[in-house]
Amino acid sequence: MFRLDGKVALVTGGSRGIGRACALALAEQGATVIVNYVKGEAAAREVADAIGALGDGAGKADIAAFDVSDTKATEAAMEALIKKHGKLDILVASAGIAIDGLLLRLKDEDLDRLFDVNVRGAVTAARAATRSMMRSKWGRVIFLSSVVGEMGNAGQTGYAITKAALLGAARSIAREYASRNITVNAISPGFIDTDMTTGLTPQLKEQMLKSVPLGRTGTAREVAAACVYLASEEAGYVTGQVLRVNGGMYV
């Protein structure tokens, strides 16, 4: 169940955090996984090496450097990747940034940067990926949103806006491509133990955990499990949905 043999997947922002976990999990199920990165080539190669060491039944790995906020570079890179691998079946749009700050201190350039990476980058990648998926009449697009985009959080207005936008994008694109057997969904992680949360003070972590009924942080691996499900044949009747992996933080 949930095998992805013969499928080709691209994970943007796949060199670290949730993206890395998704890349490994997809490869474990047999997919060939392209790990996208911007500057962290060493980290991307480490993920590729880890995929190569998975053993029998696992897929292969490739790495690709491009900045999703650069529309032309993204489209050119994805066209080249599709030509190289013959197709693209699965897109996991995981690349994202967080710029926190109260509304009164939110700079226009910060808001622009958040939109360029978190929203335009994901939509550009989806637009490029679906061209190949339409030819195959099969595809999976998975956006990585956030619980913050659903419930909001003080000091994260800009970030919340962009993550909420991905939910609307997933629902709309799902309606556009359903007739082509392409599903489009979003995953909304909660308080996950990643690079983005390791910098929080113990006091802030304790405060946030009080809002999580399960009483702990989630793991990137748990988010990746949701990604594998949505990418699988078994999720073929699931589209336009938001799969929450948040420990009950928002229901």
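Reply: Contact means heavy atoms within 4.5 Å. The model is a predicted one. In it, helix α3 (residues 71-85) lies across β1 (8-12), β2 and β3.

Me: What makes about 160° the angle between helix α3 and β3?

Reply: Angles run from 0 to 180 degrees between N-to-C directions. Helix α3 runs at about 160° to β3. Helix α2 (residues 41-52) lies across β2 (32-37) and β3, and its angle to β3 is about 165°.

Me: How do you know that strand β4 and strand β5 pair?

Reply: Two strands pair if there are at least two bridges between them. Strand β4 (residues 90-93) and strand β5 (residues 139-144) have four bridges, so they pair, and the sense is parallel. Within this pairing, V92 stands opposite I142 in β5.

Me: Why are β3 and β7 called edge strands?

Reply: The open sheet has seven strands in the order β3-β2-β1-β4-β5-β6-β7, with parallel pairing. The strands β3 (61-65) and β7 (242-245) each pair on one side only, and are therefore its edge strands. From one strand to the next, the twist averages 20°.

Me: What makes a residue part of the lining of the largest pocket?

Reply: A lining residue has an atom within 4 Å of a point of the pocket. The largest pocket, with a volume of about 1,200 Å³, has 49 such residues, and I97, A98, Y159, T194 and M196 lie nearest its centre. The lining divides into 23 nonpolar, 19 polar and seven charged residues. Among the elements that each supply at least two lining residues are α1 (17-28), α4 (108-136) and α6 (157-177).

Terms used. Residues numbered from 1 in each chain as written. Predicted model: local features only at pLDDT ≥ 70, side-chain atom pairs only at ≥ 80, totals over all residues. Heavy atoms only, no water. 1 Å grid on protein atoms, 1.4 Å probe; cavity = no way out; pocket = protein on both sides within 12 Å on 5 of 7 lines; lining within 4 Å. Points joined across faces, edges and corners; volume = space filled by probe spheres on them. Nonpolar A, V, L, I, M, F, W, Y, C, P; charged D, E, K, R; others polar.
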